[in-house]
Amino acid sequence: METFRRIYWPAINLVGPGAVKEIGVEIKKLGLRKLLLVTDKVLRAVGVVARVTDVLDKEGINYVIFDEVKPNPTTRNVNDGLQVFQEFECDGILSVGGGSPQDAAKAIGILYTNGGDITQYEGIGKSQNKSVPIIAVNTTAGTASEVTINYVITDEARKIKMVIVDPNSLATVAVNDPELMLNKPAGLTAATGMDALTHAIEAYITKGAFRLSDTLALEAIKLIGESLETAVKDGSNLEARSKMTWASYIAGLSFSNCGLGIVHSMAHQLGSEYDLPHGVANALLLPFVEEFNSVVCPEKFRSIAIALGRNVETLTLEEARQEAITALKEMAENLQIPKLAATPFNSGDIDRLAEQAFTDVCTSGNPREVTVDDIKEIYRRAYELEAVEEANAG
Ligand SMILES: [Fe+2]
């Protein structure tokens with residue numbers, strides 16, 4: 001029997017081509033007077049922000065733009081955004097972007113209604129009050145921050161990524177419009193798409209998984225298998241972008257309600273230490289972590305292989321498990337995800353990174369019990385095997 005569950009997802013969800021044109025209706029229903037539009041300079045330069053502000057202008061909605069958010073947003077970004085929110089007496093937030101603007105927006109909303117410093121809220125459920133209403137317009141099929149209760153802020157002083165899990169930070173309106181994702185660069189599409197795949201796989205096998213989270217996660221894996229390579233090769237393919245939008249969205253609904261695992265724990269360290277993009281860090285670790293995890297849940301990996309389009313009918317359970325790992329490795333190769341050995345990763349840091357990854361909030365959800373030594377070994381395998389392959393290649 002399923003046990004009691006408290007399930008979180010945004011109250012209103014606008015999903016599909018043209019979704020962004022509908023935001024004015026929702027903002028008016030919420031009675032907001034002035035919005036802080038949280039975004040970054042790149043999205044502003046390429047005209048994505050204008051597609052949102054055109055709607056606001058047409059509907060007569062007031063806003064002020066804060067576009068200082070950096071990739072892997074920092075405590076300073078958050079404080080600067082809060083200052084603008086207060087100075088212009090805003091009463092709601094409109095976030096436009098991938099994970100970074102979404103995460104910064106959540107932190108600004110929580111700080112405004114709770115006070116203090118964002119480092120106080122590191123961990124699980126530390127705030128008292130709900131954020132001001134957030135209308136979250138997602139522009140990449142990956143992090144799904146627009147639908148989750150999680151956010152990640154880099155603490156510049158301690159040089160670590162703080163993972164904050166807090167239902168009070170959940171957006172009120174989540175907007176996923178594949179038209180905003182057209183013609184994104186191939187490398188970004190690949191990295192963010194592999195982040196979505198990592199969410200779906202970690203949610204599917206996590207300790208906290210339940211029937212609804214499984215259903216969503218498996219469907220997301222299937223959609224990603226069908227569409228990610230096309231979306232990367234042909235960035236203007238609306239059908240592939242649309243499938244990836246749905247995949248990222250439902251993988252987010254899944255993991256936000258059941259948890260993740262040590263791919264994320266280990267990837268967070270590569271992000272804060274070497275500034276590796278989050279999706280790349282996940283993608284290059286994923287096959288090595290799942291090689292370790294899959295021995296405790298081979299049936300689930302058999303289902304993952306099938307969802308990724310592999311024929312496992314004649315295979316034993318052990319062979320089907322291996323087939324899933326092979327599929328993950330091949331996907332990363334086809335998408336030209338860099339190897340760990342080709343990044344600024346320094347193997348001399350492994351001990352420290354493993355200690356930090358072990359205490360990451362995602363570690364407790366991992367399906368296989370894990371020690372600091374296990375994590376060191378996985379980093380080593382990802383690095384050394386790849387270093388050997390690089391050397392052989394030339
Ligand atoms: Fe992620």
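Start by selecting residues 186–205, helix α6, and residues 238–258, helix α8: they pack at an angle of about 40° with their axes 8 Å apart. Helices here are DSSP runs of H or I with at least four residues, strands are runs of E with at least two, and both are numbered from the N terminus. Axes are lines fitted to C-alpha atoms, for helices over the stretch in contact, and angles run from 0 to 180 degrees between N-to-C directions.

Before going on, note that this is a predicted model, in which local features need pLDDT of at least 70, side-chain atom pairs count only at pLDDT 80 or more, and totals for chains, interfaces and linings use all residues. Residues are numbered from 1 along each chain as its sequence is written.

**Stop 1: α6 and α8**

The two helices α6 and α8 are therefore oblique to each other. Angles under 35 degrees count as roughly parallel, over 145 as roughly antiparallel, 65 to 115 as roughly perpendicular and the rest as oblique. The crossing of α6 and α8 is left-handed, a term used if the near helix is turned anticlockwise from the far one by less than a right angle, with right-handed used if clockwise. Now show the residues of the contact, including Gly193 and Ala196 of α6 and Met244 and Ala247 of α8. Two residues are in contact if their C-beta atoms, placed from the backbone, lie within 7 Å. By class, the contact of α6 with α8 has eight nonpolar, five polar and one charged residues. Ala, Val, Leu, Ile, Met, Phe, Trp, Tyr, Cys and Pro count as nonpolar, Asp, Glu, Lys and Arg as charged, and the others, Gly among them, as polar.

**Stop 2: α4 and α5**

Select helix α4 (residues 75–87) and helix α5 (residues 99–114), whose axes come within 9 Å and cross at roughly 60°. That angle makes α4 oblique to α5. The crossing of α4 and α5 is right-handed. Among the residues that make the contact are Val78 and Phe85 of α4 and Ile108 and Leu111 of α5. The contact of α4 with α5 has eight nonpolar, two polar and no charged residues.

**Stop 3: the sheet of six strands**

Six strands form an open sheet with parallel pairing, in the order β1-β9-β6-β4-β2-β3. Two strands pair if DSSP finds at least two bridges between them. At the edges stand β1 (12–15) and β3 (62–66), each with a single partner strand, so one side of each is left without a neighbour in the sheet. Inspect β4 (residues 92–97) and β6 (residues 134–138), which pair over five bridges. Ser95 has Ala136 in β6 as its bridge partner.

**Stop 4**

Another open sheet has the order β5-β8-β7, with mixed pairing. Six bridges join the antiparallel strands β7 and β8. Select Val152 and find Val163 opposite in β8.

**Stop 5: the two domains**

Colour domain 1 (12–180) and domain 2 (185–393), bounds that come from an automatic or database domain assignment. Their centres, taken over C-alpha atoms, are 26 Å apart. The contact takes 25 residues from domain 1 and 29 residues from domain 2. Which elements give two or more residues to the side of domain 1 that touches domain 2? They are β5 (123–124), β7 (150–155) and β8 (160–165). With four residues, β8 gives the most to that side.
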